[in-house]
Amino acid sequence: MAELIPSNQSLPVGSAGKRSGGWWGMLALIVTEGFLFGYLLFTYFYLASQTEQDWPPEGLPILLIPDINTLILLASSGFVWACERCIQRRLIHWSLTSMAMAVIFGVCFIVIQLQEWSKKTYDMTSNLYGSLYFTITGFHMLHVIIGLVILMMLLLWLALGYFDDRRYAAITIGGLYWHFVDVVWLLVFTSLYLSPYLY
Amino acid sequence: MTDAVDSSSNPSLCRVPEVGYAPIGSAAERRLAELWESAPGWRGWLSTVDHKTIGLRYLVTAFIFLLMGGVEALIMRLQLARPEQTLLTPEQYSQLFTMHGVTMIFLYSLPVLSGFSNYLWPLMLGSRDMAFPRLNALSYWIFLFAGIFLYVSFPLGEAPNAGWFNYVPFAGLEYNTGPNIDVYALGMVLLGISTTVGAINFIVTLFRLRAPGMSIDKVPILVWGTLTASFANVFAIPAVSLAFFLLWLDRQTGTHFFDVVNGGKPLLWQHLFWMFGHPWVYAVVLPAMSIVSDALPTFCRRPLVGYSAVALSTMTTILLGFGVWMHHMFATGLPMFALSFFGATSTVISIPSAVAVFAWLATIWLGRPVFNTPFLFFAGFVLLFVIGGFSGVMTAAVPLDFQLNETYFIVAHLHYVLIGINVFPVIGGIYYWFPKFFGRMMNEALGKWSFWVMFIGFNLGFFPMHLAGLLGMPRRIYTYAPHMGWATVNMVTSVGSFIFAVGILIFLVNVFISLKRGALATENPWDAPTLEWATPSPPPAYNFAVIPFVASRHPLWEDRLNDGPSRSSLDQGYLLMEGRETIGTTPFKATPNIILKMPEDSYAPFFLGLFSALIFAGLLLHWRDFTLLMALACSLSLIGWMWPSQSLVQRLPVSKHDTGAAHG
């Protein structure tokens, strides 16, 4: 029996990084959300492959602004990553700055995306493509907004001095969600903006 | 809470967990009880996060839905007992069969299994609660509200009426203008949230909250079954939530996903629905099959034959289960390749099921069966499973499916599967775990009566449906002409279904009598092998006074089985009583690697659940401002819930930041 009882090693208590329940819960949430976007894109390709309409209605998408916007979102992810790095090295002020930058870039993405929407000559109800385009990008926009609220809460909690190099699981977990939102954008972008060039 | 007392050396961030004894009545045990018990009265009732309370709530609520769905079925059987009856109008009949399907499939069959798993998992795994106790409460509340949501329109005569799989264009605005389908669509999205968070909770609990030493090859089969079902839910629920959401958009905002005139495709609905629907079918039977795999050996007085084979077959079933959805669509004009592929996978999926069947048969064969009530239910289940499985393989053959599609043969098949593989193990499981739940045994004589009446009634009621189908009777017709030759089989079916209902009634009577007057149960009345039977009946709020160390698959049979030199340690283990705590272990080998802080009771799950349900009510009633207000309330509840707390050591428990905390 003795060999069963583990040795007297010290164990972390509470919400400790990737051993915390929250990290695991977030991974599972991301899997199910990832599948949600998978089914959305399945819907897009299923309908696109059978359509006889102009696809997209305005012809091949212009890529300049969406390209820039994609880079902005990726940069935002980079700042979240840097924020976590800084806090691991006890550079609390740098981590605050970095998280603030991430929020600003995230807001920029939303503003530019809203302009993209306003430039369309059709809406959700005009045609099938419009239904798909606005539903898919709308779903993503919703996730960006939720992600931004999370980043802003993290910024607030950082400013309140809740975290240091020993305890910052919330940053790791919230950051993971933001990275997920960015990766999903790459898939949405590839499907809606790049794939029409293939046929 | 109690930490942050001496923050200088920071034992609140890192400490060696104390190993010791805490027999009933000791100071340590009393402290644990104080820490884990919910407040008395309505406060505790609304705020409790105890997995045992939540599990029982799931069981009771799901059972009430079973009874409601059952009454709906009986009314339909009255209508169909003889040709050209006029008890129901066609529209009433449509709403009844739709609500019957919705109730049984979504509000009974999975939630009842969640009830078992919620109650039993932490006890089987040697933990003090689930990984996310508050999420667990949320999952229950949303399930309850979604159930109520789906039912509120029923008394108004506006219930969902397009069948449980709700095919477009019939479910579209053009043919179905009332609120019926909107209720269904929104209710299903709401219910999907409950199922998803519940599934995530199970997955994380399995990977993180097992007792030290309980490596992945030592967990009970019920854990495998619910884990597999939970993975299926996490992958599949988004498909149906999306399908219903797109349908709702089509109906309410005028999008074109399923709108044929504007390039939408009705078949898209069928794909999305069955991509979810078929894995779901396995999700509602695999945990029930696992109940049998765990409980049957107790009554055969030997371990399950082929533990690894059964665990692997469970996972194989769900993997294949994601590749069979088109067998629901054979008659829609799919290309030959799709027909062949999905016909083949649907045939192949019977192999892992057969592995399980042979494992149960071998367990009975090699054991010394004790023929009491739970055993009867489990053995009866094996027979019904074989019949239901066999008619399933028949319809996997494409040419035969063309013939049988949309007939009563399918109705017979799905009832053999769902009642045979879900209801029989569930009732057997209640007989088996009743002493653990309530500390009393169920009456054995009434138990045997309930089994035989149910078993005879079920086969009398549902076997003739195969014949009705072969005679060409379509499903979902509200009546039929006398000269069709279906009168006799329908009468037999109706009689059988009422006998079956009497069997359920005997079971319920038994439950109520046994709750009051059943013989008091000991810790382990069946002499069972698994960890939940090491706790008192009913278990205390903290489950295990000390977190046990587990050495084998059968901690309570180790001396008898004599497998291996090491023995589990049940009396001596981690004390963990500085607040609500339990041990976190590594995913596969179950080596302790963290002391997890568990949350106190909380009202947040109830209110978040309520606000979410009200969002959907607002959407249904087109109350825009109300919906936005409720969305805001949800966001605030979530932020409050997620606010890093010192007692859970989600943030620094150091006193110098007290001013900051006061601000928060």
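This is a predicted model: local features need pLDDT of at least 70, side-chain atom pairs count only at pLDDT 80 or more; totals for chains, interfaces and linings use all residues.

**Exercise 1: sizing up chain B**

Solution. Step three: along the principal axes, the C-alpha atoms of chain B fill a box of roughly 85 × 65 × 50 Å. Step four: 56% of the 664 residues of chain B count as buried.

**Exercise 2: a helix in chain A**

Work out how far α3(A) reaches and which of its residues are buried.

Solution. Helix α3 of chain A covers residues 92-119, 28 residues in total. From first C-alpha to last, α3(A) reaches 41 Å, close to the expected 40 Å. Its buried residues are Ser95(A), Ser98(A), Met99(A), Ala102(A), Phe105(A), Gly106(A), Phe109(A) and Gln113(A). The spacing makes sense: an α-helix has 3.6 residues a turn, so residues three or four places apart point the same way. The cover over those buried residues includes α2 and α4 of chain A.

**Exercise 3: where the chains meet**

Describe the contact between chain A and chain B, then find the strands that pair across it.

Solution. Chain A puts in 49 residues and chain B 60. On the chain A side, α1(A) gives the largest share, 15 residues. That side splits into 27 nonpolar, 17 polar and five charged residues. As for strands, β1(A) and β1(B) run antiparallel, joined by two bridges, and Leu11(A) sits opposite Arg15(B).

Notes: Residues are numbered from 1 along each chain as its sequence is written. Chains are lettered from A and ligands numbered from 1 in the order in which they are written. A residue is buried if 20 or more other C-beta atoms lie within 10 Å of its own, exposed if 12 or fewer, and partly exposed in between; C-beta atoms are placed from the backbone. Helices (H or I, at least four residues) and strands (E, at least two) are DSSP runs, numbered from the N terminus. The expected span of a helix is 1.5 Å times one less than its number of residues. Two residues are in contact if their C-beta atoms, placed from the backbone, lie within 7 Å. Ala, Val, Leu, Ile, Met, Phe, Trp, Tyr, Cys and Pro count as nonpolar, Asp, Glu, Lys and Arg as charged, and the others, Gly among them, as polar. Two strands pair if DSSP finds at least two bridges between them.
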